[in-house]
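Please take a moment with the structure shown here.

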Amino acid sequence: MTRAELEQRIIAAIKSTIAESTGKAGAAVTIDSKLDRGSIGLDSLGWATVIVRLEAELGADPFRTESTRGLQTVSDIVDLYQKTLETQS
Amino acid sequence: MTSIPDKSSVVLVSGGSRGLGLEIVRALVDAGHRVATFSRQLTAELDEFIGQHSDLVSFRVGDLADPDSLEGVVRDIEVQFGPIDVLINNAAVARDGILSVMRPQDIEEVIRINLTGTLLLTRSVTRKMMLRRRGNVINISSIVGIRGYRGLASYSATKAGLDAATRALARELGEVNIRVNSVAPGYLETNMSESLDPEHRQQIVRRTPLGRLGTPGDITGAILFLMSDQAAFITGQSLVIDGGITC
C-alpha cells in the first residue's frame, strides 16, 4: 500500500467515525488536521473506534505497543501505521 | 423443550464448564440463545449438555491466565456463531486463606485470572461491539466485593475491582449503546456451599431476610433480565442477589 493510499484510508476511517458519532457526514479532515477534540471533533471513545476500525481494515494496531502520547496530527497517525505495516510485512 | 426468544443472541460465557457458569450456559440455551463458552478443561457435565444441544452451544479450551489464547477463542466463536452480542464474565478462581500467610503466587494468580484476564477478554469482545454500536456485558461479581469476609482478601479485591470496572466501562461505552452491568450473588446452593458445615449454613440462613440460600436460577433469571430489552435503560449497575443478607 502506498503512503497516499494509507492516508486516504485513515482519513476515511476518521470521517466515518465522525459521521457515526455526530450524525453529520462530510467532516473536513486533512493530513494536517490536529487531533484534539476542538479541531477534529472526536473524543477518546471516537479515537478508540477509529483504531478498532483500522485494525479491521488494515490488520494492524500500532497501539498494542505504542502510546497515543505525542501524536499531534493525522500525519503522525499515518506515520505510525506505515511503520507498523512495514514491520509486519 | 427449548423455547426460542424473539431475539436469539450470541453469548460468550467465560468459565462455563462447571458450577454457576455451567448453570448460566444451560439457562441461556434453554432460553434459545446460542452460547459459546471456554475454560481450561471440558467437563463431563458440559460435554453431555453439548451433546444434547450441539447446534446452540459450543466449547473451546481457553485460559484467562493466557491472554494470547483469548483472541483466538473470540475469533473462533465469531466464525461459528457470528458476532458476539453478550459477554458474560463468569470465570474466576478463589484461593482462600489469611493474606499474611498466603503464597504471593496465589495472590497474583487470583488477580491475573479474575481481573487482568477478564479485562483483556472484555477488551477483545467490546472492540467488535464498538464497531457494531451495540452489545451487552454482564460481570459476575460477588457480595464479597461489597462486605468483608475473612480469608478472601485477594478474591474480594478482584470482585470489587470488577464492580468498579463495570461502572467505568458503562461510562465509556454507553455512547456506542453497549450496556455493562454486574450481578453479585450471595451464598448459593451449589457444590461450593456443600462444603459449609451445618452450623455455618444455618447461621447464613438465619441472617438472610428471605430465609434460604440462593439457587443458580435466582442468578440466571437476573442475567436473562439484564440481557433483555426490558433492561434497555440499565447500565453501570451491580445487582445484588443475596436474599438480603447484605442489606
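What follows starts with the contact, then turns to a pocket and a cavity.

This is a predicted model, in which local features need pLDDT of at least 70 and side-chain atom pairs count only at pLDDT 80 or more, while totals for chains, interfaces and linings use all residues. Residues are numbered from 1 along each chain as its sequence is written, chains are lettered from A and ligands numbered from 1 in the order in which they are written, and side-chain values use heavy atoms, with hydrogens and water left out.

Begin where the chains touch. The contact (heavy atoms within 4.5 Å) takes 13 residues from chain A and 10 residues from chain B. In chain B, B:Arg127, B:Met130 and B:Leu131 lose the most area to chain A. Together they account for 54% of what that side buries. The size of an interface is often given as the accessible area lost when the parts come together. Here the buried area (accessible area, 1.4 Å probe, lost on putting two parts together and summed over both) is about 1000 Å². Carbon and sulfur atoms give 52% of that area.

Now look at the charges. A salt bridge is a side-chain nitrogen of Lys or Arg within 4 Å of a carboxyl oxygen of Asp or Glu. Over all chains the count is 19 salt bridges. Between chain B and chain A there are 4. B:Arg127 takes part in a salt bridge with A:Glu55, where the closest N and O atoms are 2.8 Å apart. This pair crosses between chains, from helix α4 of chain B to helix α3 of chain A. Helices here are DSSP runs (H or I, at least four residues), and strands (E) have at least two; both are numbered from the N terminus. B:Arg127 also meets A:Asp61 in a salt bridge, at 2.9 Å, N to O.

On the side of chain B that touches chain A, α4 (104–132) and α5 (153–173) each supply at least two residues. The most come from α4(B), with 4 residues. By class, this side has 4 nonpolar, no polar and 6 charged residues. Nonpolar means Ala, Val, Leu, Ile, Met, Phe, Trp, Tyr, Cys and Pro; charged means Asp, Glu, Lys and Arg; the others, Gly among them, are polar.

Next come the spaces. On a 1 Å grid over the protein atoms alone, a cavity is a set of points where a 1.4 Å probe fits but cannot get out; a pocket is an open set with protein on both sides within 12 Å along at least five of seven lines; lining residues have an atom within 4 Å of a point. Points are joined across faces, edges and corners, and a volume is the space filled by probe spheres set on them.

The second largest pocket holds about 700 Å³. It has 27 lining residues, and A:Ser44, A:Leu45, A:Trp47, A:Ala48 and A:Ile51 are the closest to its centre. α3(A) gives the most to this lining, with 8 residues. The lining divides into 16 nonpolar, 5 polar and 6 charged residues.

How many cavities of 30 Å³ or more are there? The count is 1. The largest cavity has a volume of about 50 Å³. Its lining includes A:Thr17, A:Leu45, B:Arg133 and B:Glu175. α3(A) gives the most to that lining, with 3 residues.
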